[in-house]
Amino acid sequence: MGSLLGTIQQSVGALGVSQIGLQVVGNNIANANTPGFIRQRLEQSSAIGTREGSLIVGHGVRPTGVVQQVDQQLFERMLSAQTSVSGSDSLLRAYGQLEEITSDLSDRGLNNQLSLFDNALQEWSTAPNDPSLREFVLLQAENLTETIRDNRVDAIARKELYNGNLATAADEVNTIIKRIAKQNIDIATIEGGGSIQSDATGLRDQRYRDLESLAQYININIQEQSTGVINVFVGGDYLISNGIFREVVSSYNPEIGGNEVRIAETDSALSANDGLIGAARAARDEVFGDYIERLDRIASSLIRSVNRVHSQGQGGSGHQQLISTNTTDAGVPLEDAGLPFVPENGTFDIDIVDEFGETLSSHRINVRNLGTVDDSTITSVVADINAIDGLTAIVDASGFVEIRSDAPTASFVFRDDNSGFLAAVGLNTFFTGSSALDIDVNPVLLENSDRLAISKGGIGSDTDTLNELIGIMEEPLDFLGQESVRGLYEQAITGIGQRVALQQSSSEGLGDFYATLQSQHLAVTGVNIDEESIQMISYQRAFQASSRVIATASEMLELLVNL
């Protein structure tokens with residue numbers, strides 16, 4: 001009789017296991033379309049048998065836990081791939097934005113504006129005395145400088161956007177890690193610190209989703225403890241340990257000229273070289289920052305090359321008064337004077353001319369720059385100009401050089417500057433400024449286009465200065481290592497195209513790799529309705545069989561009682 005009662009009891013236990021198993025299957029099917037749901041399985045084991053005489057008799061089955069179906073190593077590989085994909089895609093978008101800025105598909109493209117400016121100079125050379133063509137040159141120059149400035153403004157705006165994204169990303173990271181730390185406590189509490197074999201499935205699902213969200217921003221390393229909590233590391237620093245989390249902050253770093261994400265507690269830089277944070281930093285510094293530096297170099301080279309030719313040329317009339325466009329530190333050697341470039345050792349000539357442009361007197365000014373104690377300063381050069389009879393030259397309180405003619409019927413012009421002093425200081429220049437930030441057409445020319453230099457040997461004597469300006473953007477320049485202004489621009493654009501292609505290839509490859517890992521992960525964690533249906537039938541058959549065992553044992557027990 002005892003064995004029949006034991007059989008009934010173990011079958012009742014089997015009925016309970018089948019019911020739990022059916023409940024787990026039903027939960028899986030119910031969440032088949034729930035994003036981030038990880039399928040569950042009922043873990044069960046054989047109950048410990050007991051000895052009855054010479055026999056050891058089993059006592060059926062017992063449920064040991066409801067656990068999630070996860071390949072932890074695969075999941076961690078997927079997180080790493082997700083970090084790379086998020087960063088690569090973000091960087092690709094940044095390059096796409098840079099391509100929009102540098103596009104030459106419209107008339108406002110920089111390459112087109114360089115060509116239009118050169119074309120205007122060539123047209124002017126066909127009729128040097130035509131004032132309308134002279135005005136057209138200045139108009140095209142204004143369009144060119146405006147395009148350069150606009151390109152820089154657009155690039156700066158994108159750079160600042162990505163710089164600001166670091167602050168937003170830091171806030172998002174804090175929100176996620178705070179949530180994960182709380183989930184750690186809740187999971188450890190529900191699972192009894194590891195004493196219960198079942199997983200806190202709903203909370204674990206959410207934690208896995210949050211880990212995937214966190215991996216979009218930074219490359220993380222996770223370590224699960226026996227208590228059910230996870231520790232999250234970034235590089236050698238932890239962000240989450242049990243229920244403790246370390247907040248990150250975005251703060252300005254003057255050494256890099258932008259924001260940097262740091263761990264607030266230790267004030268150490270977060271080792272985030274990938275993901276959205278790494279991509280934002282790369283977009284700021286390597287995409288837009290690099291382009292801004294290249295654009296500044298293009299603009300400064302354009303300014304220097306054009307101004308060096310124009311500053312020693314003569315227009316249709318001389319100057320009664322001229323003020324430099326660059327401020328200087330006048331009392332120190334030229335290399336320390338704060339000029340956009342350092343003048344060379346050499347000379348330049350100043351001619352005083354009458355109202356008809358005829359030369360009244362010529363004067364040579366020496367510019368000494370040999371790296372010795374008696375090198376020229378702005379003050380010494382201005383003093384030499386001031387010593388010329390008929391001219392007054394000073395350095396004002398702001399550091400600007402001013403030259404005036406003392407007679408209303410006389411004016412002055414410049415010639416043969418092999419030192420570059422005039423262009424460096426900003427006297428008789430075509431462009432003002434020193435970079436793409438402030439490049440512009442000299443307002444002196446806009447007020448009186450007759451000041452636009454055309455001659456090299458004297459007012460109205462030739463068109464040599466104009467001829468030197470034509471095609472100057474294509475000329476190899478010594479200070480650029482025999483590269484031209486146009487060459488600098490083409491290098492920049494070609495470089496962008498190459499980097500876009502490489503980034504596109506990298507994003508596609510990483511995306512394919514991530515998709516493969518994600519498919520493998522979903523094959524383990526996702527709900528397959530066919531598999532669940534088979535499992536459901538299995539539990540159903542087990543339940544029916546256990547019920548039949550109970551019915552048979554009960555019938556046998558009743559017969560035994562009636563004997």
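Asparagine 242 is found in the loop that joins β7 (237–241) to β8 (244–245), where helices (H or I, at least four residues) and strands (E, at least two) are DSSP runs numbered from the N terminus. The model is predicted, so local features need pLDDT of at least 70 and side-chain atom pairs count only at pLDDT 80 or more, while totals for chains, interfaces and linings use all residues. Residues are numbered from 1 along each chain as its sequence is written, and side-chain values use heavy atoms, with hydrogens and water left out.

**Loop residues with positive phi**

- Most residues other than glycine have a negative phi.
- Asparagine 242 has a positive phi, near 55 degrees.
- Asparagine 242 counts as partly exposed because its relative accessibility is 39%, the class between buried (under 20% relative accessible area) and exposed (over 50%), with a 1.4 Å probe and protein chains only.
- Aspartate 416, in the loop between β17 (411–415) and α8 (421–425), also has a positive phi, of about 45 degrees.
- Aspartate 416 is partly exposed, at 31% relative accessibility.

**Helix α4**

- Helix α4 (residues 131–190) has 60 residues and should span 88 Å at 1.5 Å a residue, which agrees with the 88 Å between its end C-alpha atoms; the expected span is 1.5 Å times one less than the number of residues.
- Glycine 192, with a positive phi near 65 degrees, follows α4.

**The β9-β10-β11 sheet**

- Three strands, in the order β9-β10-β11, form an open antiparallel sheet; two strands pair if DSSP finds at least two bridges between them.
- The edge strands, each pairing on one side only, are β9 (248–253) and β11 (268–269).
- Strand β10 (residues 258–263) pairs with β11 over two bridges.
- Isoleucine 263 has serine 268 of β11 as its bridge partner.
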